[in-house]
Amino acid sequence: MSMSLSLPHISTSFLSPPTFQYTHGHSKIFAFWHHRGRERLRPASMVKGPHGFFRVSSCSSFRGERGAAEFESGAEEEEEEEESNSDEEEVEVETEENWNFGSCLLPDRWDVLGLGQAMVDFSGMVDDEFLNKLGLEKGTRKVVNHEERGRVLQAMDGCSYKAAAGGSLSNSLVALARLGSRPIGGPALNVAMAGSVGSDPLGGFYRTKLRRANVQFLSAPIKDGTTGTVIVLTTPDAHRTMLSYQGMPSTVNYDPSLASIVSKTNILVVEGYLFEFLDTIKTIAKACEEARRCGALVAVTASDVSCIERHYDDFWEIIGNHADIVFANSDEARALCHFASKESPVSATRYLSHFVPLISVTDGPRGSYIGVKGEAVYIPPSPCVPVDTCGAGDAYASGMLYGILRGMSDLKGMGTLASRVAATVVGQQGTRLRVQDAVELAESFAFNYDSSTIRSDVSSDHISSL
């Protein structure tokens, strides 16, 4: 027997939740797409280039002195990354003068556009003596300036360490592009990112690596700008010391080019770290307004507890007025609710779901929750042997986005898929979902859900309940 839930309208000074018609059981949740039209989300077909759907490369090593970049990369492969075995070759790094999309044919419409921080990650193994010489406290995260970054890179000159087009959002976008790289359960997905990179070699490296992972970076480099970096120094006892350089300038401007891209997007994903830059908050608001005007969904990643605490009002201004989906872990969800640490993640999920159509809250090895209009659906964790938990939340978000874009109507199944993607990343070294794993997950997804559950698009006005 189904049970109808009718919750009162919630009104605050800055939140205007959409109207829901929610029924529990075998009927539908007429909520997620609320007042959007039926023509709102049409997955664009993917243009297959000369190298097929897969255009990936291994992680690269980076050698630098005083911030000057020299890159070496593993050989490209069509189907799968073999990072440890590939022969190294020089990577062509784009500069401001030759920046373009080459022979790449861009689609008329993007399934997902990510607006976020473009950061190059450097990761290497060091010992305690190395940290002591540089005066770094082991296991901490520190924001550094350009000179400090150069000093650390100079100290690492001669050491072997890897460079990757990093950042939380880019992890999700690469995983999504790999999940959707083949027309399994629907057309291949078109994924892009916009952000701030400089005209320096690091900016060219970032764009090149993302493009090889089938994610187009659509923002032009900033003249005389420097690209942000995160240096991750790991000691033999597995402690990580992180040095973050934000880049100059770090803000993302809302120009006609970005406005045009946003207007041709099905889902806009905003990375929470961008709230650290006050000028960029204006860009976020304008991008969200344009996305909603053009019928796109807006998703926001909570990103970091301290970031939420410093910019609480700004987060809620965007979430309350624009967001259709919010991705958070349990600590971030509690921070958004102003809940104490003793409050359960299910309570935070239920609370947030009164204000946003769909809430995704991960709780580490304890599982996750999907919240819709006061109800929280529990998703058990997928079994795995943990190797590296970094990037688990990013992978989970990619699974949720993939399920939405494939028109999946079962929340439990969608969460289970997302949990499996996260478990796959946790069970490996590194934050990126591997190509072959992504293909197997997508095939399993299509096999387990028949055509009555999977829709060819997500332009309908409802999704099924549990």
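Predicted model: local features only at pLDDT ≥ 70, side-chain atom pairs only at ≥ 80, totals over all residues.
A pair of aromatic rings is described by the distance of the centres and the angle of the planes. On the criterion that the ring centres lie within 6.5 Å, the count in this model comes to 7 aromatic pairs. One of them is formed by Phe 275 and Phe 315, whose ring centres are 4.1 Å apart and whose planes meet at 20 degrees, so the pair is classed as stacked, the limit for that class being under 30 degrees. This pair connects distant parts of the chain, since Phe 275 lies in the loop between strand 15 (265-271) and helix 6 (278-293), whereas Phe 315 belongs to helix 8 (residues 312-322), with 40 residues separating the two. With a relative accessibility of 0%, Phe 275 counts as buried, and Phe 315, at 1%, likewise counts as buried.

A further pair is made by Phe 339 and Tyr 351, with ring centres 5.4 Å apart and planes at 55 degrees, so the arrangement is tilted. Here too distant parts of the chain are linked, Phe 339 being placed in the loop between helix 9 (330-337) and helix 10 (345-352) and Tyr 351 in helix 10, 12 residues apart. Phe 339 has a relative accessibility of 27% and therefore counts as partly exposed, and Tyr 351, with a relative accessible area of 34%, is also partly exposed; the range for this description runs between 20% and 50%.

Terms used: Residues numbered from 1 in each chain as written. Heavy atoms only, no water. Phe/Tyr/Trp six-rings, centres within 6.5 Å; stacked < 30°, edge-to-face > 60°. Helix = DSSP H or I, 4+ residues; strand = E, 2+ residues; numbered from the N terminus. Buried < 20%, exposed > 50% of the residue type's maximum accessible area, 1.4 Å probe, protein only.
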